[in-house]
Amino acid sequence: MKRVTIRVPATTANLGPGFDAFGCALSLYTDVTFEETDAGLEITGCDEAFTGPDNLAYVAYCAALATMSEELRGVKIHIDAHIPVCRGLGSSAALLVAGAMGANALRGNKLSTQGLLNITNAMEGHPDNLAPAFYGGLTASMVDNGLPVCVNFPLHPDWEFLALVPDFDLPTTKARAVLPEQVSRGDAIYNISHGALVLKALELGDEKLLRNAMQDRLHQKYRKSLIPDYEKIESLVRTTGAAFCLSGAGPTLLCITQDERLEEKLAQKLDALTTANWQMLPLHIEFQGARVIASE
Ligand code: HSE
């Protein structure tokens with residue numbers, strides 16, 4: 001029986017104004033091993049609650065097999081997750097990507113990356129975490145006639161990402177439920193213009209431009225109330241000169257900087273300022289997307 005292990009990077013989506021469109025892969029990983037068996041499903045390495053057939057890695061695995069018209073046999077799945085769950089760092093997208101890529105690798109790689117993206121986007125509903133998880137680096141995506149179109153953007157290599165991860169989770173469904181269905185023309189213009197400049201600032205390595213452009217009117221102001229300490233942390237980060245945004249749907253808050261001493265500067269003040277327990281996670285850009293790291 002064949003076995004493959006897929007490594008998928010963490011991803012931060014939105015990057016401020018790029019709601020449901022921008023994403024970047026980061027240096028934190030979930031590894032998922034798939035081993036074909038004669039029958040049945042066995043999932044290990046995660047909470048008991050996630051060991052059933054609704055596990056996202058398994059759902060994507062089955063969907064990829066169905067797309068290839070391949071027979072579903074038994075499978076053992078082992079999850080070694082280092083991406084914190086439900087924290088806005090792409091943990092769900094990582095499982096979907098691993099599942100689809102695992103099935104593809106076990107059955108002769110019949111599907112292209114675009115094909116895998118189509119399958120997983122139909123499940124996730126937006127490609128902003130999936131695209132950087134598959135391709136690495138910085139991506140922008142659109143959905144056209146129901147299908148994701150994703151491209152990589154140049155990214156200055158000196159950026160450092162400091163993720164501030166709280167000890168509570170925030171399901172994406174809850175963080176999307178607080179968003180209005182309609183937005184004003186002014187807010188739409190604000191986000192389109194700021195989004196374009198965020199991409200340029202990330203390419204140039206221009207911290208001042210990034211700080212100014214990384215502002216949003218479509219989601220962050222509605223989600224703040226779900227994240228205790230949000231405003232206090234934002235004010236603190238802004239005194240350092242780093243750019244600041246919500247990572248994905250939150251609750252992780254993200255600082256982007258070239259200042260190697262940012263973590264040290266924040267550490268002195270974060271504990272005194274906050275009510276929840278916030279862990280600082282220094283991360284780099286991951287330029288490589290999901291890949292097979294072991295196959296036998
Ligand atoms: N763009 C998504 C959101 C990312 O902000 O809701 C989380 O899946």
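Asn 14 sits in the loop between strand S1 (3–13) and strand S2 (22–37); strands here are DSSP runs of E with at least two residues, numbered from the N terminus. This is a predicted model, where local features need pLDDT of at least 70, side-chain atom pairs count only at pLDDT 80 or more, and totals for chains, interfaces and linings use all residues. Residues are numbered from 1 along each chain as its sequence is written, and side-chain values use heavy atoms, with hydrogens and water left out.

Asn 14 is not a glycine, yet its phi is positive, about 80°. Most residues other than glycine have a negative phi, and most peptide bonds are trans. Pro 251 belongs to the loop between strand S8 (243–246) and strand S9 (253–257).

Now the ligand. Which residues surround the ligand? Among them are Asn 14, Phe 19, Asp 20, Asp 128, Arg 176 and Gly 248, where near means a heavy atom within 4 Å. Domain 1 (3–153 + 286–295) and domain 2 (160–283) both contribute residues to this shell, so the ligand lies between them; the bounds come from an automatic or database domain assignment.

Next, polar contacts, meaning pairs of N or O atoms within 3.5 Å. A side-chain N or O atom of Asn 14 is 2.8 Å from a ligand oxygen. For Asp 20, a side-chain N or O atom is 2.5 Å from a ligand nitrogen. A polar side-chain atom of Asp 128 also lies 2.5 Å from a nitrogen atom of the ligand.

Definitions and conventions. Polar contact = N/O pair within 3.5 Å; in protein donor to acceptor, adjacent residues only side chain to side chain. Helix = DSSP H or I, 4+ residues; strand = E, 2+ residues; numbered from the N terminus.
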